Amino acid sequence: MSVDTLITNIGQLLTMDKKGPVKGSAMNELPVLENQAIGIKDGKIEWIGASKDAGDLKAEKKIDAGGKLVTPGLVEAHTHLVFGGSREEEMALKQQGIPYLEILKRGGGILATVNATRKASFEELLKKALFHLDRMAMHGITTVEAKSGYGLDKETELKQLRIAKAAGEQHPLDLVSTFLGAHAIPPEYKQDPEAFLDQMSELFEAIKAENLAAFVDIFTETGVFSVEQSRRYLQKAKDKGFGVKIHADEIDPLGGTELAVEMGAISGDHLAVASDAGIKALAASDTVGVILPGTSFYLGKDMYSRARGMVDAGAAVAISTDFNPGSSVTENLQLIMSIAALKLKLSPAEIWHAVTVNAAHAIGKGDVAGSIARGRKADVVIWDAANYMYIPYHYGVNHAKTVIKNGVVLYERQMIR
Ligand code: NIG
Ligand code: FE
């Protein structure tokens with residue numbers, strides 16, 4: 001048998017080849033294969049076996065993994081990828097104790113980014129999105145979800161979605177797009193959020209026609225959209241054939257987690273202040289809880305999502321950066337894995353499920369991303385680590401050594417000596 005690329009001498013291999021989403025205690029069951037090799041052909045996984053048996057394979061290119069850890073490319077299930085400008089001045093406001101929702105109320109926060117995004121050109125925003133995708137890839141991510149939501153008018157929301165589509169076409173990473181037109185109430189609709197939601201739902205048709213998004217999302221939060229408004233809006237989206245997601249129970253416990261389950265959402269995201277009833281409902285459902293502990297950290301909260309309780313109750317949990325210019329400004333999902341260990345008390349095994357197979361399911365890509373298996377896309381990371389526990393343990397730095405997407409080496413880290 002011949003392959004294009006052969007990765008040999010893999011110390012630990014996590015294939016994550018499980019039927020997902022993986023729920024509850026099964027998230028802690030992590031098969032680890034040792035001394036393995038992987039053959040890649042035409043961008044796909046062709047062969048997986050013991051390193052000692054790989055000698056029979058002819059390979060054009062050989063990569064020696066040096067006894068290190070190899071995993072599937074990470075799946076980033078929740079980002080606000082396309083936006084103009086940045087908001088570093090908000091850090092000082094936060095230090096003065098001004099809450100996130102108060103900054104938004106004053107026209108800052110999300111609305112500041114809306115202004116910058118409306119002003120920026122297509123090319124400018126595309127270039128910036130591609131830059132962030134590069135950085136994600138360099139950190140071992142091979143599939144990314146991207147939300148709109150910094151347009152809040154028909155024209156700019158479509159512009160954002162078209163930029164995400166162009167970015168997905170131009171960048172080697174796979175991109176899944178979500179329409180988050182219902183991200184905040186723009187000043188021009190302050191008195192009439194219902195009319196604003198009507199405007200946004202009028203876009204569903206065009207978004208479908210241009211194939212601009214797979215999912216529709218809404219920010220269900222105090223001062224933004226109520227549970228009732230969210231239910232009606234998401235029902236319209238479902239009627240048009242979209243999958244749905246919710247920014248739920250991020251700051252105030254409104255019952256967004258329960259709503260996500262009730263609506264059959266593919267994911268309920270944040271869930272930082274989910275109620276006991278919400279956690280119970282989540283555990284009994286197929287909705288994936290996408291937990292974003294970097295946001296709690298970055299907003300300076302003491303309260304983190306009860307992800308531990310969710311997993312103990314039997315739910316499927318994913319972990320993501322929530323990359324955006326306000327509440328979580330990082331492309332480094334490895335850092336979020338450390339925060340998940342330290343603040344959510346998830347085990348390394350649970351965390352690996354949360355950033356691969358479960359994250360893939362949270363964005364409807366469970367059958368193509370998040371695992372290493374014969375016939376699947378060859379999205380593979382060789383890490384500068386001997387074992388899987390090391391990544392959350394050694395925090396805040398990039399451990400990705402070689403990042404392979406569709407069988408092609410995208411990134412190879414270089415040291416100074
Ligand atoms: O997921 N919660 C709403 N949206 C983002 C923050 C967006 C921003 O601050 O720009 C979030 O935290
Ligand atoms: Fe978000």
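Start by selecting His-247 together with ligand 1. An N or O atom in the side chain of His-247 lies 3.1 Å from an oxygen atom of ligand 1. Keep in mind that this is a predicted model.

Next, pick His-270. Its side chain places an N or O atom 2.9 Å from an oxygen atom of ligand 1. Then click His-183.

How much of the accessible area of ligand 1 does the protein cover? The protein covers 100% of the 330 Å² that ligand 1 has on its own. Hide the ligand and look at the space it takes: this is the largest cavity.

Bring up the shell around ligand 1. It holds 15 residues. Tyr-100, Tyr-150, His-183, Glu-250 and Ser-327 are the closest. Colour the shell by residue class. You will find four nonpolar, eight polar and three charged residues.

Go back to His-247 and move to the iron ion (ligand 2). Which protein atoms are its donors? Select NE2 of His-78, NE2 of His-80, NE2 of His-247 and OD of Asp-322. They lie 2.0 to 2.3 Å from the iron ion. Along the chain, the donors follow the spacing H-x1-H-x166-H-x74-D.

Last stop: show the cartoon and highlight His-78 and His-247. His-78 sits in the loop between β6 (74-76) and α1 (90-95), while His-247 belongs to strand β10 (residues 243-248), so the pair ties together parts that are 169 residues apart in sequence.

Definitions and conventions: Residues are numbered from 1 along each chain as its sequence is written. Chains are lettered from A and ligands numbered from 1 in the order in which they are written. This is a predicted model: local features need pLDDT of at least 70, side-chain atom pairs count only at pLDDT 80 or more; totals for chains, interfaces and linings use all residues. Side-chain values use heavy atoms; hydrogens and water are left out. A residue is near a molecule or strand if one of its heavy atoms lies within 4 Å of it. A polar contact is a pair of N or O atoms within 3.5 Å; within protein, one must be able to donate a hydrogen and the other to accept it, and residues adjacent in sequence count only if both atoms are side-chain atoms. Accessible areas come from the Shrake-Rupley method with a 1.4 Å probe; for residues, only the protein chains shown count as cover. On a 1 Å grid over the protein atoms alone, a cavity is a set of points where a 1.4 Å probe fits but cannot get out, and a pocket is an open set with protein on both sides within 12 Å along at least five of seven lines; lining residues have an atom within 4 Å of a point. A molecule sits in a cavity or pocket if more than half of its atoms lie within 2 Å of its grid points. Ala, Val, Leu, Ile, Met, Phe, Trp, Tyr, Cys and Pro count as nonpolar, Asp, Glu, Lys and Arg as charged, and the others, Gly among them, as polar. Donors are N, O and S atoms within 2.8 Å of the metal (3.2 Å for Na, K and Ca); water is not among the atoms, so sites may look incomplete. Helices (H or I, at least four residues) and strands (E, at least two) are DSSP runs, numbered from the N terminus.
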